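Let's take a friendly walk through an annotated site and the sheet beside it in the text below. Here is the model to look at as you read.

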Amino acid sequence: MASHFLLLGILAIVCSTALASDPSPLQDFCVADLTNPVLVNGLVCKDPKIVQAKDFSFSGLNLAGNTTNAVGSQVTPVFVAQLAGLNTLGISMARIDFAPGGINPPHTHPRASEILTVLHGTLNVGFVTSNPENRLIMKVLQTGDVFVFPQGLIHFQQNIGPTNAVAIAGLGSQNPGVITIANAVFGSNPKITSDLLAKAFQVNPYVINLIQSRF
């Protein structure tokens, strides 16, 4: 009897592990129907009989993003919301433009790893490993260099060259998600209490209130 329970336990673990990953597509494609109100884990498929070539194409990555903002960068995403044909394929991409000194501030992608290629310029890039090490892994990239950011880890890019910089990022999800650390911590709605953040960052609550006022 004990062996039967052990076998059932092993089967439960194996089955739960198998079900924890995204399923493979069960058809050639599943172009997202962005107008369908039905909520599923992903997006509802458009009738394949009415799918056209335009559902698999996107134009505009040749255009520079507007970097006239506080961080000096602009991300142009090509996720499933912009390219419906990505639905269920587990991939997406983005163009990132940087003004001199511009940054793509510390952020995470909860659902995707990222591979970044520098098309022009010089970028200082890196990521931080999880607790307890919190090790910073950082490298300066030149045109043509490639760097990988593991899924879920905080990472960043900074243009340290004298001219504009451009990079292309590939991501392992149709909808990788983005959590910008400063925005999430200091700009949440409603706000995280200043006394909690003051204790977490070991600063005076006045400092927290000042930072929150900027978000």
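## Ground rules

Buried means under 20% relative accessible area, exposed means over 50%, and partly exposed lies in between (1.4 Å probe, protein chains only). This is a predicted model, where local features need pLDDT of at least 70 and side-chain atom pairs count only at pLDDT 80 or more, while totals for chains, interfaces and linings use all residues. Residues are numbered from 1 along each chain as its sequence is written, and side-chain values use heavy atoms, without hydrogens and water.

## The annotated residues

An unreviewed UniProt entry marks Asn104, His109 and Glu114 as "binding site"; such annotations may be inferred rather than shown by experiment.

Asn104 is buried, at a relative accessible area of 10%. Asn104 belongs to strand 3 (residues 103–108); strands are DSSP runs (E, at least two residues), numbered from the N terminus. Beyond its neighbours within four places in sequence, its contacts (heavy atoms within 4.5 Å) include Ser73, Phe98 and Gln157.

His109 sits in the loop between strand 3 and strand 4 (114–120). With 6% relative accessibility, His109 is buried as well. Glu114, His155 and Leu171 are among the residues that His109 contacts, neighbours within four places in sequence aside.

Five strands form an open sheet in the order 1-2-9-4-7, with antiparallel pairing. Strand 1 (73–78) and strand 7 (146–149) each have a single partner strand, so one side of each lacks a neighbour in the sheet.

Strand 1 pairs with strand 2 (residues 92–98) in the antiparallel sense over six bridges; pairing requires at least two DSSP bridges between two strands. Ser73 has Phe98 of strand 2 as its bridge partner.

Notes: Helices (H or I, at least four residues) and strands (E, at least two) are DSSP runs, numbered from the N terminus.
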